[in-house]
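The following exercises concern one predicted model. Please study each task before reading its solution.

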2 protein chains.
Amino acid sequence: MRRIFALSFVSLALFGAEPADWIVSAHWVLTMDRDRRVLEDGAVAIRGARILAVGSRSQIEASYRGRKLHRANSLLAPGLVNTHTHVPMSLMRGLADDRRLREWLEDYIFPAEARNVDAEFVRWGTRLACLEMMLGGTTTFAEMYYFEDVIAEATREAGLRGVLGETIIGFPAPDFKTPEAALAFNEEFIRRYRNDPWIVPAVAPHSHETTPEAAYRAARSLANRYGVPLMTHLAETRQGREEALKRYGMSPVRLLDAWGVFQGRTLAAHVVWVDEEDLAILQRRGVGIAHCPSSNAKLASGVAPVTRMLALGLAVGLGTDGPAGSNNDFNLFEEMDLAAKLQKVTTGDPQALSARQALEMATILGARALGLEDRIGSLEPGKYADLIAVRLDRAHAVPLYDLYSQMVYALKASDVTDVMVHGRWLVRDGRPLTLDARRILSKAEEYGRRVRASLAQR
Amino acid sequence: MRRIFALSFVSLALFGAEPADWIVSAHWVLTMDRDRRVLEDGAVAIRGARILAVGSRSQIEASYRGRKLHRANSLLAPGLVNTHTHVPMSLMRGLADDRRLREWLEDYIFPAEARNVDAEFVRWGTRLACLEMMLGGTTTFAEMYYFEDVIAEATREAGLRGVLGETIIGFPAPDFKTPEAALAFNEEFIRRYRNDPWIVPAVAPHSHETTPEAAYRAARSLANRYGVPLMTHLAETRQGREEALKRYGMSPVRLLDAWGVFQGRTLAAHVVWVDEEDLAILQRRGVGIAHCPSSNAKLASGVAPVTRMLALGLAVGLGTDGPAGSNNDFNLFEEMDLAAKLQKVTTGDPQALSARQALEMATILGARALGLEDRIGSLEPGKYADLIAVRLDRAHAVPLYDLYSQMVYALKASDVTDVMVHGRWLVRDGRPLTLDARRILSKAEEYGRRVRASLAQR
């Protein structure tokens, strides 16, 4: 009698439990939701591409049935968002460091690109970057380079999420020789991907120094015609600001505003050399910011006024920039750490840019900067299931007093063990499931030899 | 006939080869010797605690016979040198981040230390720090805290090399209540360890803000009596400089110089707030500098003028500082990267502090700052066999264009696979051989709970 009762109770519970594809649980869950809930012994239920529910493990396990992954000594967090990259440049990682911008560009990057960059280079470079990004917990990246259709294919193959924009630039690029040709290609690209759940097509005029007004205006109009974002470099260097003031009598921000560039969803990368009036324009236009601390420090561009931007309510995400000179990897753990430290040391205030704010920038604020905060950036019901598990049991991360602090200042990309994007596991136990790491590394070494040889023949 | 000839050739070769305990070889060897030789397919022969020879793999294997470790896809480098730490504070890792110095000290660190720090705390904290340091390629560290005899025991047990100085401070510390008592203990400590090959005993007056002149003078005299180094904090904060100017009419550097502190081998940590006259004094006195980029940035202390110091020929090493607030880990890969980036962005020159200089600071210059450059800091015959192997085949470190650049900007502490100190393997294939990692992590978590509970009872 007792047994029958118990059985029927179990079947009732099972009958009452909603089906889920996965129940992922861990010691801690950093939701990054509106209330920034941190759950001890928390869990996330997932069906298809989306999150069904987030709550205590016991509650989720009582309400949902599905396959389980439990990480007893880890935290779960939303997948990290890299708001500014040039992923195929992974194949030129550290090609010419510690050099002045002009020498770096003219003696290394431009010749290396002219002699090496083609569709296959871009494909393998994107694969290498995707491999590194997924292993380090990045699930979404915003990217501008050349051959964006190939980048989209490789990104889909990896299973990552990408906001991808063909670079529109006023001189001959490896794929298109004029801005018009690039824009025509870009329109095709947008039409192909505008309903893709993983790829957000974008339009990416390069910068006011390199892209003429007409191309900027055409880019904005193309982006608005299809409701896609525009991405651009903005106010990266002091020299760029001075040139704009001299040539146009306006700061770069005021110049692009005068050109109508911010009349629609915009993501601006760097934004170092800005004054209060510039910031007010960016705030009014709702421009998202891709803050790139490593790149701005390494190229000696300066330190963006992130503390002020956040106080103004701007959506500031983190970007690695490309790994050939401006950075050397796609590591958002390092960018979080550096963003916080740079703000503290430049403002003289150790409370500036807290660990929690740094993690917000790498997740929900980055998502907002990309216009994707309704879909990604936090662990909340209805959002895409983009999440990471990070182990907490290594010598550099014990003991644990504060989860945000540990995440930003102590944990490393190499502590990421599991990565899910769109409900699909890309990394489990530190091993990539969608990419052939060995083949990619060997191809990358081959390209390394090729690039070196191409620069030797001068 | 041919066979006999071949055999006798082999035995001749074996007969001619000198015995070695280990022949360690790898794709690349960064020697950091006087000529900064970089060897492709290089090897290091080791006998006992010392390096016998460094050269091409074929040459070393022809000249020496011994056990072999070959790392086909790695680089070998000298073990890294951490010139400023407080290792037992590992148990307070990230206890109170993003706070103002006074709040951090008075509301968290001082009460946590008063209620928790005893010999066993120090022992387990040192073990945890040694575990993290060895896994990340650090082979020597300079340290000042309390219970230095316990730190020495735990360091010897781990097999690391330590320059260890009992803190001499003008208020009651967890072990000694007066500077005099600490100095008396320190003398015993020096006598016990002065001939130890792993431990260099030192004397460590805390800082001009906390340690009276008499204690500084006694510390210097004690250090000179035994020929050991003196370590101290120096010119870390703007406030400290202003206080010295107001109270003594002198900068901190001039003050300590007036107190005779630099009349003997000295290592000064931080050295942020200095002018040209201060730097000239440090140069004239041959004071070694422990530059702590993470700590100085995170606490918003400022950025030390490292580029200028190096130009003056000062011996500037890298330090992590303690991991409770000023930093969160003991990661010299991150300090190298940050040191370079901070100099570039503050000087406005992307050529400032190159990758090679950053690695010099973490190896040979750090050794020189500690007065140990005749024993460690480079791979050279006659020096102690302190070396690390770092794998080059991870997605974040492929392809390879420049070894220094890769080491500083792309490789991570987690890429270290093998660590030897004094001819003894401490880490092989990423696994610690001298410490019980599981037990240490579990003890550290226990101490974490205890420290949290002690702060809750206010």
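**Exercise 1.** Which residues in helix 13 of chain A meet residues in helix 16 of chain A?

*Solution.* Contact requires heavy atoms within 4.5 Å. On the side of helix 13 of chain A, the residues are A:Phe333, A:Met336, A:Asp337, A:Ala340 and A:Lys344; their partners in helix 16 of chain A are A:Met407, A:Val408 and A:Tyr409. These contact residues divide into 6 nonpolar, no polar and 2 charged.

Next, consider the geometry. The axes of helix 13 (residues 332-347) and helix 16 (residues 403-410) of chain A come within 7 Å and cross at roughly 100°. Helix 13 of chain A is therefore roughly perpendicular to helix 16 of chain A (a term for angles of 65 to 115 degrees).

**Exercise 2.** Determine which element gives the most to the lining of the second largest pocket.

*Solution.* The second largest pocket holds about 1200 Å³ of space and is lined by 41 residues (lining residues have an atom within 4 Å of a point on a 1 Å grid). Helix 3 of chain A gives the most, with 8 residues. By class, the lining comprises 17 nonpolar, 14 polar and 10 charged residues.

**Exercise 3.** State how chain B can be laid on chain A.

*Solution.* In chain B, the C-alpha of B:Ser414 is nearest the axis, 3.5 Å from it.

**Conventions.** Residues are numbered from 1 along each chain as its sequence is written, and chains are lettered from A in the order in which they are written. Local features need pLDDT of at least 70, side-chain atom pairs count only at pLDDT 80 or more, and totals for chains, interfaces and linings use all residues, while side-chain values use heavy atoms, leaving out hydrogens and water.

Definitions and conventions. Axes are lines fitted to C-alpha atoms, for helices over the stretch in contact, and angles run from 0 to 180 degrees between N-to-C directions. Helices (H or I, at least four residues) and strands (E, at least two) are DSSP runs, numbered from the N terminus. Angles under 35 degrees count as roughly parallel, over 145 as roughly antiparallel, 65 to 115 as roughly perpendicular and the rest as oblique. Ala, Val, Leu, Ile, Met, Phe, Trp, Tyr, Cys and Pro count as nonpolar, Asp, Glu, Lys and Arg as charged, and the others, Gly among them, as polar. On a 1 Å grid over the protein atoms alone, a cavity is a set of points where a 1.4 Å probe fits but cannot get out, and a pocket is an open set with protein on both sides within 12 Å along at least five of seven lines; lining residues have an atom within 4 Å of a point. Grid points are joined across faces, edges and corners, and a volume is the space filled by probe spheres set on the points. Copies are superposed by least squares on the C-alpha atoms of residues with pLDDT of at least 70 in both.
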